[in-house]
Amino acid sequence: MAKKIPLQAEARDVAGTKAKQLRREGLIPGIVYGDTEPISVQMDVLELERVLRKAGTANLIELALPSETKVVLARDIQRHFTRRDLIHIDFYEVDLTKKVVSEAELVWRGKAPLVTSGMGRLVPIRNKIQIEALPEDLVNRIPVNVRGMDSLDSAIYVRDLKLPEGVIVLEDGDRLVLKCAPPIKRATVDIGAEEDDEEDEELE
């Protein structure tokens, strides 16, 4: 069973302090929605940032309000376009007995023989995938083993992903996730020209 991450919050009077003023005071406005009436909330920005680093959008948050506690998932996380400061957040209140849809990041694990031999490179086609699970079974990441990628014909499809118990993928099993390609050939450098020493970034 996934551990719920605690977060303190207060109910917010939408007719009171404006959102911009709240942010100047170190508070972030938000809303909790689900099967019940939406609730406007506010919480400390530093505490919220700490919780989001742990929870992402797939780990459960135990949102403690003065009158009740709600189990939620962080959903729409709004940030300033350039500064990346938090502006607003939406929380989705979950029913622990009902499955929910989320996204999981695909994380490459291991060293591909094709890459270590210098005979090719790995080309990610998808970095995230849509999944469905009970709230306590959700995951942020799904590891993908690339140790079997040993030829230019090697490929990984959605059907090849190893999923945690209770998690299903909501995408076609024939969709390509990762493929191989020939190594990038460097352009010949003319004598006297400045050579770029920066290496191409490749998956191992």
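This is a short tour of a predicted model, stop by stop.

**Before you click.** Residues are numbered from 1 along each chain as its sequence is written, and side-chain values use heavy atoms, with hydrogens and water left out. Because the model is predicted, local features need pLDDT of at least 70 and side-chain atom pairs count only at pLDDT 80 or more, while totals for chains, interfaces and linings use all residues.

**Whole chain.** Start with the cartoon. The protein chain has 3 helices and 14 strands. Both are DSSP runs numbered from the N terminus: helices are H or I with at least four residues, strands are E with at least two. Of the 204 residues, 34% are buried (under 20% relative accessible area; exposed is over 50%, partly exposed in between; 1.4 Å probe, protein chains only). Take the contacts (heavy atoms within 4.5 Å) with a separation of 6 or more: 66% of them join residues 24 or more positions apart.

**Colour by pLDDT.** This is the predictor's confidence in each residue, from 0 to 100. The chain mean is 88, and 88% of residues reach 70 or more. Strand E12 (residues 155–157) is highest, at 97, and helix H1 (residues 19–24) is lowest, at a mean of 84. Now select residues 193–202: pLDDT is below 50 there, and the stretch has 9 contacts in the model beyond near neighbours in sequence. Where pLDDT is low, the predicted coordinates should not be read in detail.

**The sheet.** Show the open sheet of 4 strands, in the order E11-E8-E10-E13, with mixed pairing. Two strands pair if DSSP finds at least two bridges between them. Strands E11 (141–145) and E13 (168–169) are the edges, each pairing on one side only. Zoom in on E8 (residues 100–109), which pairs with E11 in the parallel sense over 5 bridges. Trp108 stands opposite Val144 in E11.

**The largest pocket.** Which residues line the largest pocket? Select Gly56, Thr57, Glu103, Ala104, Glu105, Lys128, Asn140 and Arg141. E8 gives the largest share of the lining, 3 residues. By class, the lining has 1 nonpolar, 3 polar and 4 charged residues.

**Glu49.** Finish in helix H2 (residues 45–55), where Glu49 is found. Is Glu49 buried or exposed? Glu49 is buried, with a relative accessible area of 19%. Show its partners: Glu49 touches Arg79 and Leu86, not counting residues up to four places away in sequence.

Methods:
1 Å grid on protein atoms, 1.4 Å probe; cavity = no way out; pocket = protein on both sides within 12 Å on 5 of 7 lines; lining within 4 Å. Nonpolar A, V, L, I, M, F, W, Y, C, P; charged D, E, K, R; others polar.
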